[in-house]
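Biologist: I am new to this structure. Please take one part, the salt bridges, and walk me through it closely.

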Amino acid sequence: MSEVAEKIKEPLFSKKNRKLITDPLTDNNPVTVQVLGICSALAITVQVMQGVVMGASVIFVLVAGNLIISLLRNLIPSKIRIIVQLVIVASLVIIVNEVLKAFMPDVSEKLSVFVGLIITNCIIMGRFEAFAMANKPWPSILDGIGNGVGYAGLLILVAVFRELFGSGSLMGYPIFGSPIPTADSPLGTGLYSMGYMNNNMMILPPMALIIVGIIIWIQRSRNKDLIETH
Amino acid sequence: MESTLDIFVKAIFSENMIFAYFLGMCSYLAVSKTVKTAVGLGAAVIFVLVVTVPVNYLLENYLLKAGALEWMGAEYANIDLSFLSFIMFIAVVASIVQLVEMLVEKFAPALYGALGIFLPLIAVNCSILGGALFMQDRQYSTLFDATAFSLGSGIGWFIAIVAIAAIREKIRYSNVPPALRGLGITFIITGLMGMAFMSFMGIKYGKDKKEDKAATGMIDKAAPAVKTAKAITIKNEIND
């Protein structure tokens, strides 16, 4: 009886539920604050397109997985819960992989093993363990959306920096002109004709780490509560 | 065709799991606060990689790959089960980790004391599943090569986590900007270490035919330049 009463009292987008979505976007970002899901976050941020596809895949897997786990939460024996969770994630990731292979073969080729690695992305297991195992389906879906979007947002932010300065383009469209020499300008067109050059360092793996480090720095100097002692 | 030694050295240095592919970053960042725990987790990763990758290799080649079921009879030759590989690999990893944990607890209590708490963590470490997926992607020709790759990757991961743990122990005495303390500085240091590890890309591996051709091509291109230089000096001498 009390449960029913509670349900009526709590609207679909109550303050608590809205917080589930907005918190992971900033002060509780899964990548920069909870330190989850870094494995795949860095490797595929060379181009914005890959970041968008990866972010969308993770949002789908996280929302669907959170919902399934939350529905099953009273049926899963706690001793084998890790394996049950892994099987659910793996099935969802197989769906994502087959869809990508069928409709976006180029992107799927570039992401190669990193689609498979969504299975062991700590974000997914982390949210299952910390949230979906203990909460009702609706808040779990919201939590999945919030964390998925927080993850995808950071991924795209890093990818924008890396693609803009590393390749001079965004989503494959040139921003600074073309570096290919033409008849009248030997250095290329746009900014390149003035001697601008792409920073090849941006494309290499270590820069991804340094960009995330700088994002963390900026975020923590704005929000002093997040600062660690060591 | 790469030799086994090439695969091994490449997996440690130029294709290091952490610095080139960022696999297993979550536990790398979480467990690298002291050298002692880092050594424990590193050893556990080597151990689990060396056990799971060969098992997954056999699974891939005798069960999942297109045409892998041929040994059961000709009518099975055109079955392709590769879409099942994710779920099979992760099931193998999770169950082997569980099995290893129980065996180690029973037969080597001292080792269990050292590795114990890290073993369950490893089932969800990206580097283990990553090892299996890279093995599938690169299609190593023999079981021995796959094992060399897994051992190399494990050692590479071990080196990376022990190195960062040692740096983090020392950095406690330095005056890092407050907002950068902890996670931020660890990211930046890992980035710098990654740059240092990139210098290993210059190692020349075995007899790579393409590379040899490219090298001879460069010599061919260089030769005319030398000739013209000689010609110029001769001209100069004549002028003198």
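Modeller: A salt bridge here is a side-chain nitrogen of Lys or Arg within 4 Å of a carboxyl oxygen of Asp or Glu. The model is a predicted one. Over all chains, it holds two salt bridges.

Take chain A to begin. Arg127(A) pairs with Asp143(A), and their closest N and O atoms are 3.1 Å apart. Arg127(A) sits in helix 8 (residues 122-130) of chain A and Asp143(A) in helix 9 (residues 137-167) of chain A, so the bridge ties together parts that are 16 residues apart in sequence. Both Arg127(A) and Asp143(A) are buried.

Now chain B. Arg138(B) and Glu15(B) meet through their side chains in a salt bridge, 3.3 Å from N to O. Arg138(B) belongs to helix 7 of chain B, while Glu15(B) lies in the loop between helix 1 (4-12) and helix 2 (25-30) of chain B, so this pair links parts that are 123 residues apart in sequence. Arg138(B) is partly exposed, at a relative accessible area of 26%. Glu15(B) is partly exposed too, at 23%.

Arg138(B) and Glu15(B) are among the residues lining the largest cavity, along with Ala11(B), Met17(B), Tyr21(B), Phe134(B), Phe149(B) and Ser153(B). That cavity has a volume of about 30 Å³. Its lining divides into five nonpolar residues, one polar and two charged. Helix 7 (126-138) and helix 8 (143-171) of chain B each supply at least two of the lining residues.

Methods
Residues are numbered from 1 along each chain as its sequence is written. Chains are lettered from A and ligands numbered from 1 in the order in which they are written. This is a predicted model: local features need pLDDT of at least 70, side-chain atom pairs count only at pLDDT 80 or more; totals for chains, interfaces and linings use all residues. Side-chain values use heavy atoms; hydrogens and water are left out. On a 1 Å grid over the protein atoms alone, a cavity is a set of points where a 1.4 Å probe fits but cannot get out, and a pocket is an open set with protein on both sides within 12 Å along at least five of seven lines; lining residues have an atom within 4 Å of a point. Grid points are joined across faces, edges and corners, and a volume is the space filled by probe spheres set on the points. Helices (H or I, at least four residues) and strands (E, at least two) are DSSP runs, numbered from the N terminus. Ala, Val, Leu, Ile, Met, Phe, Trp, Tyr, Cys and Pro count as nonpolar, Asp, Glu, Lys and Arg as charged, and the others, Gly among them, as polar. Buried means under 20% relative accessible area, exposed over 50%, partly exposed in between (1.4 Å probe, protein chains only).
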